[in-house]
Every structure is written in C-alpha cells, then in structure tokens.
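Please keep the sequence and the structure in view while reading.

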Amino acid sequence: VQLQASGGGLVQAGGSLGLSCAASGIIFSTNNMGWYRQAPGKQRELVARINSGGSTNYADSVKGRFTISRGNAKNTVYLQMNSLKPEDTAVYYCAAHGVASVLWGQGTLVTVSS
C-alpha cells in the first residue's frame with residue numbers, strides 16, 4: 001500500500017510544473033485524494049482535493065493557477081501548477097483519504113525561483 005509522487009523540480013516564477021501521484025494497494029476510485037504542501041518552517045497545508053466523484057476544492061492561494069485531476073484507470077492523481085510563484089516553494093505530498101485513515105505519499109520538492 002503506497003502513494004508514489006513524482007514531478008517536482010526547479011522552475012522559474014511564472015512557469016509550470018505537473019505532479020503525479022500513483023497509488024497502489026488501495027481501491028483508488030473510492031478514495032478522496034488530496035495534494036498538500038509544507039514550506040520550510042510552516043505547517044502542512046491543503047492545496048487541492050478531489051473526491052471520488054470528481055468534485056474539487058482548492059486553497060485560496062492557488063485558485064485559478066492549480067488544477068487537480070484524477071485518472072482512475074491509472075490509479076493516479078495529478079496536480080497541474082501554472083503561474084508558479086516563489087511562495088509556492090514547498091514539499092508537496094499526495095494523500096488518500098480513506099474512511100478511517102489517511103495514507104501519505106513520500107513528498108516531492110517544488111522550488112520556484114524568482
């Protein structure tokens with residue numbers, strides 16, 4: 001049972017990055033999925049969430065710039081990040097919200113240079 005995130009890296013402000021998170025060992029289609037991030041010295045915060053039916057919600061700070069989506073056939077959740085800002089720099093984590101627990105991925109670092 002695991003979530004494997006990928007796609008982080010270094011990008012200039014205004015650029016774009018796409019993150020992927022592949023799930024294994026869970027019934028992916030029934031899980032609500034989320035992307036979170038944690039910047040140095042700060043608490044982990046919700047970035048975007050998508051439920052099993054495809055409804056989404058976003059943190060105010062990323063609305064209009066980030067898009068979360070899911071591909072149930074590939075057991076994968078995606079986060080497309082556009083118009084990136086230096087304040088988006090953080091370790092990004094995906095999460096699968098089960099009925100009684102949360103499964104976390106290992107995190108992928110996104111660095112946005114000014």
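## The largest pocket

By class, two nonpolar, four polar and seven charged residues make up the lining of the largest pocket, where Ala, Val, Leu, Ile, Met, Phe, Trp, Tyr, Cys and Pro count as nonpolar, Asp, Glu, Lys and Arg as charged, and the others, Gly among them, as polar. The volume of this largest pocket is about 170 Å³, and of the 13 residues that line it, Arg37, Ala39, Lys42, Glu45 and Glu87 are the closest to its centre.

These terms rest on a 1 Å grid over the protein atoms alone: a cavity is a set of points where a 1.4 Å probe fits but cannot get out, whereas a pocket is an open set with protein on both sides within 12 Å along at least five of seven lines, and lining residues have an atom within 4 Å of a point. Grid points are joined across faces, edges and corners, and the volume is the space filled by probe spheres set on the points.

## Basis of the model

The model is predicted, and local features need pLDDT of at least 70, side-chain atom pairs count only at pLDDT 80 or more, while totals for chains, interfaces and linings use all residues. Residues are numbered from 1 along each chain as its sequence is written, and side-chain values use heavy atoms, with hydrogens and water left out.

## Strand pairing around strand 8

Strand 8 (residues 76-81) pairs with strand 3 (residues 17-24) in the antiparallel sense over six bridges, and within this pairing Ser20 has Tyr78 of strand 8 as its bridge partner. Strand 7 (residues 66-71) also runs antiparallel to strand 8 and is joined to it by six bridges, with Thr67 having Gln80 of strand 8 as its bridge partner. Strands (E, at least two residues) and helices (H or I, at least four residues) are DSSP runs numbered from the N terminus, and two strands pair if DSSP finds at least two bridges between them.

Strand 7 and strand 8 form a hairpin with four residues between them, and Asn75 lies in the turn.

## The disulfide

The structure holds one disulfide, a term that stands for a pair of cysteine sulfur atoms within 2.5 Å. It is formed by Cys21 and Cys94, whose sulfur atoms are 2.0 Å apart, and with 60 degrees about the S-S bond the link is right-handed. Because Cys21 lies in strand 3 and Cys94 in strand 9 (residues 90-97), the pair ties together parts that are 73 residues apart in sequence.

Cys21 counts as buried at 1% relative accessibility, and Cys94 is buried as well, with a relative accessible area of 0%. Here buried means under 20% relative accessible area, exposed means over 50%, and partly exposed lies in between (1.4 Å probe, protein chains only).

## A network of charged side chains

Four salt bridges are present in the structure, each being a side-chain nitrogen of Lys or Arg within 4 Å of a carboxyl oxygen of Asp or Glu. One of them joins Arg37 to Glu45, with the closest N and O atoms 2.7 Å apart; Arg37 counts as buried at 7% relative accessibility, whereas Glu45, at 35%, counts as partly exposed. Arg37 also meets Asp88 in a salt bridge (2.9 Å, N to O), and since Arg37 lies in strand 4 (residues 32-38) and Asp88 in the loop between strand 8 and strand 9, this pair ties together parts that are 51 residues apart in sequence.

The side chains of Arg65 and Asp88 form a further salt bridge (2.8 Å, N to O), which links distant parts of the chain, with Arg65 in the loop between strand 6 (56-58) and strand 7, 23 residues apart from Asp88. Arg65 counts as buried at 10% relative accessibility, and Asp88 is buried with a relative accessible area of 0%. Through shared partners, salt bridges join Arg37, Glu45, Arg65 and Asp88 into one network.

## Positive phi values

Most residues other than glycine have a negative phi. Asn75, however, has a positive phi near 50 degrees; Asn75 is in the loop between strand 7 and strand 8 and is partly exposed, with a relative accessible area of 26%. Ser83, which is not a glycine, has a positive phi of about 50 degrees; Ser83 is placed in the loop between strand 8 and strand 9 and is partly exposed, with a relative accessible area of 40%.
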